[in-house]
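Have a look at the sequence and the 3D view, then read on.

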Amino acid sequence: MSGEYVKGSLYFYAPNKGAPIFFAVAFAASGLYHAYQCIHYNSWRTTGLYVFCSALFATGFIIREVSAYHYTDLGYYIASLCLIFAAPPLLELSNYNILGRLLYYVPHHSPIHPGRVITTFTMISAVVESLNGAGASLTANLSLPEHKQAAGRSLLKASLVIQIVVLLLFASLAGTFHLRCRRAGVTHPNVTGVLRTLYASGVILMARTIFRTVEYFGVADFHLREGVGVEDLSPMLRYEWYFYVFEAALMLVNNVLINVRHPRQYLPKSVKTYLAEDGVTEVTGEGYVDERPFLVTVLDPFGLGKRSSSRKANGKGEVEAVV
């Protein structure tokens, strides 16, 4: 914790041996509860990724515990970081899924085809991952000329910035939907409950992504030269607590948040049960109807074309409940 370089350590410091055990157990417990909730609520399609991500986190911290005793071993180091860093983007994907499910519940005010929320953001994320992969391959290959390695670092920077932009776009989409509901007088507690959960989760994921971006920019722009040593690296790399606060703790809080405020506590099981236009009465019917071809809905999820006349629930159905 002194901030001084530990000779041979791939982490810069000697990793803490107790923290990985705590986080491995905590993520495993949260993941098991997520699995129970998926079974109880039959919500595998909505929150099943939380079970998978919890397993990634738990396994990653188990390996980090081993790596704490072998901090010069490259295999343990890479395996741990890859598992821990692979989960957050999938948690973002799960949030997109939850928002899509909410839009099915209030189809009259949805700014986008509810089923295309996940596909639209997945396609954008695929572009980000492509930039990330290309940048990582160029940066990792030390045999390449410096200008190609620099190009790789630029691609990685671009992918991190775009990730922040994507999170902002997601927040804008949720905010637009929320504003439409408020203007129409839709203040149903089920709607506001899910939105508050998504806003909280979005802030957590944004904080984590900003931390990662700042951290990488500090590494990418660092060059060893006369008078400059590894001790001059950013404090984010020299002190382990940054990782545990802005990565491990934030992601655990996000996991527990969805445990406590599970979307199925607010939303019905079927997408064909939705709020009528009065914003109060739950009805069961066709739900969200879009008569356009599937490919058109993928390419034009916001229905900007002229053929989107049926981009909402038909308003017919049997009354389920009046709240």
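Which residues make a nonpolar surface patch of about 250 Å²? The patch is made by Leu10, Leu74 and Ile78. Keep in mind that this is a predicted model.

Leu10, one of the patch residues, sits in the segment before helix H1, which covers residues 19-41. Leu10 has 33% relative accessibility, so it counts as partly exposed.

Phe12 is also found in the segment before H1. Phe12 isn't a glycine, yet it has a positive phi of about 90 degrees. Is Phe12 buried or exposed? With a relative accessible area of 6%, Phe12 is buried.

Now for H1 and helix H2, the latter made of residues 44-69. Their axes come within 8 Å and cross at roughly 160 degrees. That angle is over 145 degrees, so H1 runs roughly antiparallel to H2. As for handedness, the crossing of H1 and H2 is left-handed.

Asn42 is placed in the loop between H1 and H2. Here's another positive phi in a residue that is not a glycine: about 55 degrees for Asn42. At 49% relative accessibility, Asn42 counts as partly exposed.

How many salt bridges does the structure hold? There are four. One of them joins Glu240 and Arg64, with the closest N and O atoms 3.0 Å apart. Glu240 lies in the loop between helix H7 (235-238) and helix H8 (241-260), while Arg64 is in helix H2, so this pair ties together parts that are 176 residues apart in sequence.

## A network around Glu247

Which residues are linked in a network of salt bridges? They are Arg208, Arg212, Glu215 and Glu247. Let's pick out two of the pairs. Arg208 and Glu247 meet through their side chains in a salt bridge of 3.1 Å, N to O. This pair links distant parts of the chain, as Arg208 is in helix H6 (residues 189-220) and Glu247 is in helix H8, 39 residues apart.

Arg212 and Glu247 also meet in a salt bridge, at 3.0 Å from N to O. Arg212 lies in helix H6 and Glu247 in helix H8, so here the parts tied together are 35 residues apart in sequence.

Note on methods
Residues are numbered from 1 along each chain as its sequence is written. This is a predicted model: local features need pLDDT of at least 70, side-chain atom pairs count only at pLDDT 80 or more; totals for chains, interfaces and linings use all residues. Side-chain values use heavy atoms; hydrogens and water are left out. Patches are made of residues with over 30% relative accessible area and no salt bridge: like charges are joined within 9 Å, nonpolar side chains (Val, Leu, Ile, Met, Phe, Trp, Tyr) within 5 Å. Accessible areas come from the Shrake-Rupley method with a 1.4 Å probe; for residues, only the protein chains shown count as cover. Helices (H or I, at least four residues) and strands (E, at least two) are DSSP runs, numbered from the N terminus. Buried means under 20% relative accessible area, exposed over 50%, partly exposed in between (1.4 Å probe, protein chains only). Axes are lines fitted to C-alpha atoms, for helices over the stretch in contact, and angles run from 0 to 180 degrees between N-to-C directions. Angles under 35 degrees count as roughly parallel, over 145 as roughly antiparallel, 65 to 115 as roughly perpendicular and the rest as oblique. A crossing is left-handed if the near helix is turned anticlockwise from the far one by less than a right angle, and right-handed if clockwise.
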